[in-house]
Amino acid sequence: MAVVIDGKEAAASVIAAVTEAAGALEKDAGVKPGLAVVIVGDDPASHAYVNSKSKMAKQCGFNSIQHSLPEDTTQEDLEKLVAELNADPAIHGVLVQLPLPKHLDAEPVILSISPGKDVDGLHVVNAGKIAAGDLSTGLISCTPAGAMLLVNRIHGRDLSGLSAVVIGRSNLFGKPMALLLLAANATVTMAHSRTKDLASVCRNADILVAAVGRPQMVKADWVKPGATVIDVGINRVPAPDKGEGKTRLVGDVAYAEAAEVAGAITPVPGGVGPMTIAMLMANTVIAAYRAAGKAAPRF
């Protein structure tokens, strides 16, 4: 059976390091890291995410600010708020919770966030830095950064000689994940819905990363024996065994069968998920250190 990669434990160690770094910055430079989270509308899932981010920020010793805007907020008002947060020296990280209500356009809002405060790592400047191989001056998108940290725990930071396959080519995850693997010297293949004979492509991977949003698509016979499997999928599926109308969370990998073949695997939930918020906190501390003219810690 595969080693289970414990995302909760890894996230807790990142949070501990972030808390220590935040305390050191406040002591040495009188700067308390500030994170502002903006949410528009009443989507319950988004509010749950935002509340957990705000709670974690407080736990790390940050100045945590939440702006809850009504559903009918205009594009102009939202971008005006972002501009005010960009200009506030006490705020080091600005995060606009997605998805936005349908009448709002997310792209210009993300692009209006100062790249140095873009702790989600979604601005084209930060995406471009990763593409150019500059991992030291930008902010790396949280989920790929967290997934990469889990890979490093198994293989170390240098992936020379290892073959990696990323299934999924989204701007949010697939592309930056492939670039991070490439920067660590892995030989990287990007696979997606149009890839011919996807299963045989996956079977060559020493590191297989699944991010397609299709429940349990990756079967045991897609996995090379001994491979490291990173499952980024979060899918709700019916769970009649739990009772009528009940659901459960599953990943993009058929976990039970894949775990019998893989060398190491992330569970869902409890794998990559906890890492996303941990890396958001790490990015906020990094941004605060840079704003204070200090060498940023590495996580």
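By class, the lining of the largest pocket comprises 24 nonpolar, 13 polar and seven charged residues. In this classification Ala, Val, Leu, Ile, Met, Phe, Trp, Tyr, Cys and Pro count as nonpolar, Asp, Glu, Lys and Arg as charged, and the others, Gly among them, as polar.

Colleagues, this is a predicted model, in which local features need pLDDT of at least 70 and side-chain atom pairs count only at pLDDT 80 or more, while totals for chains, interfaces and linings use all residues. Residues are numbered from 1 along each chain as its sequence is written, and side-chain values use heavy atoms, with hydrogens and water left out.

I remain with the largest pocket, whose volume is about 1300 Å³. Of its 44 lining residues, Tyr49, Lys53, Thr143, Ile234 and Thr276 are the closest to the centre. A pocket here is an open set of points on a 1 Å grid over the protein atoms alone, where a 1.4 Å probe fits, with protein on both sides within 12 Å along at least five of seven lines; lining residues have an atom within 4 Å of a point. Grid points are joined across faces, edges and corners, and the volume is the space filled by probe spheres set on them.

At least two lining residues come from each of α2 (44–59), β4 (93–96), α6 (142–155), β9 (235–238) and α10 (272–291). Helices (H or I, at least four residues) and strands (E, at least two) are DSSP runs, numbered from the N terminus. Domain 1 (26–124 + 276–291) and domain 2 (142–268) each contribute at least three residues to this lining; the domain bounds come from an automatic or database domain assignment.

The second largest pocket holds about 680 Å³ of space. Among its 23 lining residues, Leu135, Ile140, Arg157, Arg298 and Phe299 are the closest to its centre. Where does this pocket lie? Both domains give residues to its lining, so the second largest pocket lies between them.

The largest nonpolar core has 54 residues, and Phe62, Met177, Leu181, Val209, Ile230 and Met281 have the most contacts inside it. Such a core is a set of buried (under 20% relative accessible area, 1.4 Å probe, protein chains only) Ala, Val, Leu, Ile, Met, Phe, Trp, Tyr and Cys residues joined through side-chain atoms within 4.5 Å. Helix α10 supplies the largest share of this core, 11 residues. Domain 1 and domain 2 both give residues to this core, so it too lies between them.

Technical notes:
Buried < 20%, exposed > 50% of the residue type's maximum accessible area, 1.4 Å probe, protein only.
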